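I opened a notebook on this structure. These are my entries, in the order in which I looked things up.

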Amino acid sequence: MKSFLRIITLPLVVLFLSCNKEKEKPKVIYENPVKTEKPAKTDTISVTVVDLPVQMYGTNFLLFPVGELRSVGSSYDGASKSSQLSYKVSNYSEFQLTGFIRNIKFQQVGKDSITSLTDKNVLIQSVTYLKSVADKTKQQILVYELEDMDTNKDIRLDDHDIKSLYLSDISGNRFTKISVDFHELVDWNLVESLNRLYYRTIEDTNKNGAFEKNDKLHYYYVDLTRKEWASIEYFPD
């Protein structure tokens with residue numbers, strides 16, 4: 001009798017686990033895509049905080065990362081449990097900011113005015129200063145990896161949405177999207193000898209909302225010395 005019960009119970013457990021396993025959500029839902037410049041729902045609970053400024057070496061601008069107050073970890077005091085608040089929005093390493101940054105404020109050294117990078121709803125994951133380009137051409141350029149559209153239509157902007165590639169100058173001006181809408185950024189690389197930014201994106205060619213091995217890779221470069229940043233597609237395969 002016990003053997004019989006084991007035989008019956010095992011399939012039920014497997015079925016239960018498979019039913020409760022959360023299905024992976026698609027990154028893109030194509031019907032009536034929602035651009036997040038005007039989000040359908042605003043989080044009224046979140047509190048905006050601004051990090052202390054950073055200054056990329058050799059530049060004349062301060063960058064103030066803007067984000068949201070977060071709860072991290074927890075501590076126990078007897079029977080009570082309390083979350084600790086993190087006022088830190090970003091992390092700074094040599095020539096790069098990373099984090100979950102909602103905007104960046106810019107201030108030129110010696111001036112009082114502070115300007116914002118954008119009035120759009122974006123989530124910036126990294127900002128990289130191209131120092132080698134500045135050393136050669138005197139052009140001080142920032143590269144941004146960010147999300148700018150609620151592509152999976154879950155009424156929030158996060159790293160489950162498509163990642164895009166942007167450029168600006170060190171003052172935050174000329175904030176320009178160089179990747180194609182609904183193409184997921186794969187990676188990018190600077191070729192210093194040519195002053196070109198090369199990057200790859202992937203297109204969901206079968207429109208199933210996921211990026212898979214059979215989807216199409218696209219290859220581009222941008223000549224960073226030109227006044228207007230324009231992506232040029234090339235075909236290495």
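**Entry 1: salt bridges**

I counted nine salt bridges, taking as one a side-chain nitrogen of Lys or Arg within 4 Å of a carboxyl oxygen of Asp or Glu. The model is predicted, so I noted its limits: local features need pLDDT of at least 70, side-chain atom pairs count only at pLDDT 80 or more, and totals for chains, interfaces and linings use all residues. Residues are numbered from 1 along each chain as its sequence is written, and side-chain values use heavy atoms, with hydrogens and water left out.

I looked up Lys-163 next. Lys-163 forms a salt bridge with Glu-145, and the closest N and O atoms are 3.6 Å apart. Lys-163 lies in strand 13 (residues 163-169) and Glu-145 in strand 11 (residues 141-147), so the pair ties together parts that are 18 residues apart in sequence. Strands here are DSSP runs (E, at least two residues), and helices are runs of H or I with at least four; both are numbered from the N terminus. Is Glu-145 buried or exposed? Glu-145 is buried, at a relative accessible area of 19%. My cut-offs are under 20% relative accessible area for buried, over 50% for exposed and partly exposed in between, with a 1.4 Å probe and protein chains only.

Then I checked Lys-177. The side chain of Lys-177 meets that of Asp-148 in a salt bridge of 3.0 Å, N to O. Lys-177 belongs to strand 14 (residues 176-177) and Asp-148 to the loop between strand 11 and strand 12 (149-150), so this pair ties together parts that are 29 residues apart in sequence. Asp-148 is buried at 6%. Lys-177 is partly exposed at 22%.

I also found Asp-158 and Arg-156 in a salt bridge, 3.2 Å from N to O. Asp-158 counts as buried at 13% relative accessibility, while Arg-156 is partly exposed at 46%. Shared partners join Asp-148, Lys-177 and Asp-181 into one network of salt bridges.

**Entry 2: strand 11**

I went back to strand 11. How many of its seven residues are buried? Seven of the seven are. In a regular strand the side chains alternate between the two faces of the sheet. In strand 11, one side carries Ile-141, Val-143, Glu-145 and Glu-147, the other Leu-142, Tyr-144 and Leu-146, and all are buried.

I followed the neighbours. Strand 10 (residues 123-129) pairs with strand 11 in the antiparallel sense over six bridges; two strands pair if DSSP finds at least two bridges between them. Ile-124 stands opposite Leu-146 there. Strand 13 also pairs with strand 11 in the antiparallel sense, over seven bridges. In that pairing Glu-147 stands opposite Lys-163.

I traced an open sheet of four strands, in the order 2-3-8-9, with antiparallel pairing. Strand 2 (48-50) and strand 9 (115-116) are at the edges with a single partner strand each, so one side of each has no neighbour in the sheet. Inside the order, strand 3 (residues 61-68) and strand 8 (residues 103-108) pair over six bridges. Leu-63 has Phe-106 of strand 8 as its bridge partner.

**Entry 3: backbone angles**

Most residues other than glycine have a negative phi, and most peptide bonds are trans. I noted Ile-155, which has a positive phi of about 65°. Ile-155 is in the loop between strand 12 and strand 13, and is partly exposed at 38%. Phe-182 has a positive phi too, of about 70°. Phe-182 sits in the loop between strand 14 and strand 15 (183-191).

**Entry 4: rings**

I counted nine aromatic pairs. Rings of Phe, Tyr and Trp (its six-membered ring) pair if their centres lie within 6.5 Å; planes under 30 degrees apart count as stacked, over 60 as edge-to-face and the rest as tilted. Phe-95 and Tyr-129 form a tilted pair, 6.2 Å centre to centre with 50° between the planes. Phe-95 is buried at 17%. Tyr-129 is buried at 5%. Tyr-221 and Tyr-234 form another tilted pair, at 6.2 Å and 45°.

Last, I looked for a charge over a ring (NZ of Lys or CZ of Arg within 6 Å of the ring centre and within 35 degrees of the ring normal). The charged end of Arg-174 sits over the ring of Trp-229, 3.7 Å from its centre. Arg-196 has its charged end over the ring of Tyr-221, 4.0 Å from the centre.
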